[in-house]
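Please look over the sequence and the model shown here.

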Amino acid sequence: MTYDKTYKNLVNKNAHISWVPAPPSAEQVAKAKASVKPPSTTPVDFLGRFRLDGKVAVVTGAGRGLGYSMAEGLCSVGLKALAIIDFAPDIGQESADRLGKVYGCQTKFYEGDVRDEKAVTAIFDDVVKQFGHVDVVINSAGVADLYHAEDYPIDKFERVLDINVKGTFIVCQQAGKHMIERGAGGAIVNIASMSGHIVNFPQPQCAYNASKAAVYQLTRSLAVEWAPLGIRVNSISPGYMDTALNRAFENMFDEWNQRTPVGRLGNVDELTNAAIYLASPAASYTTGTDIIIDGAYTCV
């Protein structure tokens, strides 16, 4: 490599510096052009790349809300089987039954706590036993508390981090083990939050913000580590979404609307669309990415 004189004093051979490569020769250009696949002369089914036919998915926190919507989205694009993990048995079983009936895919509900390594391990083992393999995982289980930092009970703080970070990792770890053993790759989608990028105001939620920043970085770390194995790991960072839980905060709802540049909270299915993409072959080159869906909240 020949360096410009500007860098003549650099002596560290390991230094990462910019340099301008020599232009390719006519022979190299011709060779490159010949190696490129010519345009198709028949229609290409781009939409079909978003299908999940024959795939098996595990979705945590899918008894209701955002998790349920994303589970439904996967079922709508041809999913073979869906496993729902949720701590609430009544709504979890009801959701699994409903999705199976509406979309004609196999479904199974597992009551479980994502913080419980033994329980999560047993669930993934059973999913593989029942359905043969695991192709897609969406980590949607999560909690939040609202406390001023100086008054935050330590046990409450630990609970948020345990569920949102430790629980996410345990699920990723078990999914990764089965995907690695099978050798066919897979897709993991973690639900982070815009709160991992900004500080929400006016409500105080330092534990939640810290936990979602951790999920964002965990996602990137796993993406790099598992990329050679064909396992894609991405995250979605929602802004304020129009869920029943958020609507219950009547004293905050209007302010959240006003602080969001598009002037409204997000529809739940606006996350689901991104989840389908990240779970599907359409995202085959997408890993380590965080998709922020927040109506431009984090831009201001």
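## Strand 2 and the sheet around it

Both faces of strand 2 are covered, with Ala81, Ala83 and Ile85 buried on one side and Leu82, Ile84 and Asp86 buried on the other; buried here means under 20% relative accessible area, exposed means over 50%, and partly exposed lies in between, with a 1.4 Å probe and protein chains only. In a regular strand the side chains alternate between the two faces of the sheet. The model is a predicted one, in which local features need pLDDT of at least 70 and side-chain atom pairs count only at pLDDT 80 or more, while totals for chains, interfaces and linings use all residues. Residues are numbered from 1 along each chain as its sequence is written, and side-chain values use heavy atoms, with hydrogens and water left out.

Helices (H or I, at least four residues) and strands (E, at least two) are DSSP runs numbered from the N terminus, and two strands pair if DSSP finds at least two bridges between them. Seven strands form an open sheet in the order 3-2-1-4-5-6-7, with parallel pairing. Its edge strands, each pairing on one side only, are strand 3 (106-111) and strand 7 (290-293). From one strand to the next the twist averages 15°, where axes are lines fitted to C-alpha atoms, for helices over the stretch in contact, and angles run from 0 to 180 degrees between N-to-C directions.

Strand 2 pairs in the parallel sense with strand 1 over five bridges, and valine 59 has isoleucine 84 of strand 2 as its bridge partner. With strand 3, strand 2 pairs in the parallel sense over six bridges, and leucine 82 stands opposite threonine 107 of strand 3. Elsewhere in the sheet, six bridges join strand 5 (residues 186-191) to strand 6 (residues 231-238), and these two run parallel; isoleucine 188 has valine 233 in strand 6 as its bridge partner.

## Helices

Helix 9 (residues 269-279) packs on the sheet, touching strand 4, strand 5, strand 6 and strand 7, and its direction makes about 170° with that of strand 6; contact means heavy atoms within 4.5 Å. Helix 4 (residues 117-131) lies across strand 1 (56-60), strand 2 (81-86), strand 3 and strand 4 (136-139), running at about 160° to strand 3.

Helix 2 (residues 65-76) makes a right-handed β-α-β unit with strand 1 and strand 2, and helix 3 (residues 89-103) makes a right-handed β-α-β unit with strand 2 and strand 3. A crossover is right-handed if, with the strands pointing away from the viewer, the path from the first strand over the helix to the second runs clockwise.

## Aromatic pairs and cysteines

The structure holds six aromatic pairs; rings of Phe, Tyr and Trp (its six-membered ring) pair if their centres lie within 6.5 Å, and planes under 30 degrees apart count as stacked, over 60 as edge-to-face and the rest as tilted. Two of the pairs are set out below.

| Pair | Centre to centre | Angle between planes | Class |
|---|---|---|---|
| Tyrosine 147 and tyrosine 152 | 4.9 Å | 45° | tilted |
| Tyrosine 240 and tyrosine 297 | 5.4 Å | 80° | edge-to-face |

Tyrosine 240, in the loop between strand 6 and helix 7 (244-248), and tyrosine 297, in the segment after strand 7, are 57 residues apart. Both tyrosine 240 and tyrosine 297 are buried, and together with Phe249 and Trp256 they form one aromatic cluster. Tyrosine 147 is partly exposed because its relative accessibility is 28%, whereas tyrosine 152, at 8%, counts as buried.

The structure holds zero disulfides, a disulfide being a pair of cysteine sulfur atoms within 2.5 Å. Cysteine 172 counts as buried because its relative accessibility is 0%, while cysteine 299, at 64%, counts as exposed.
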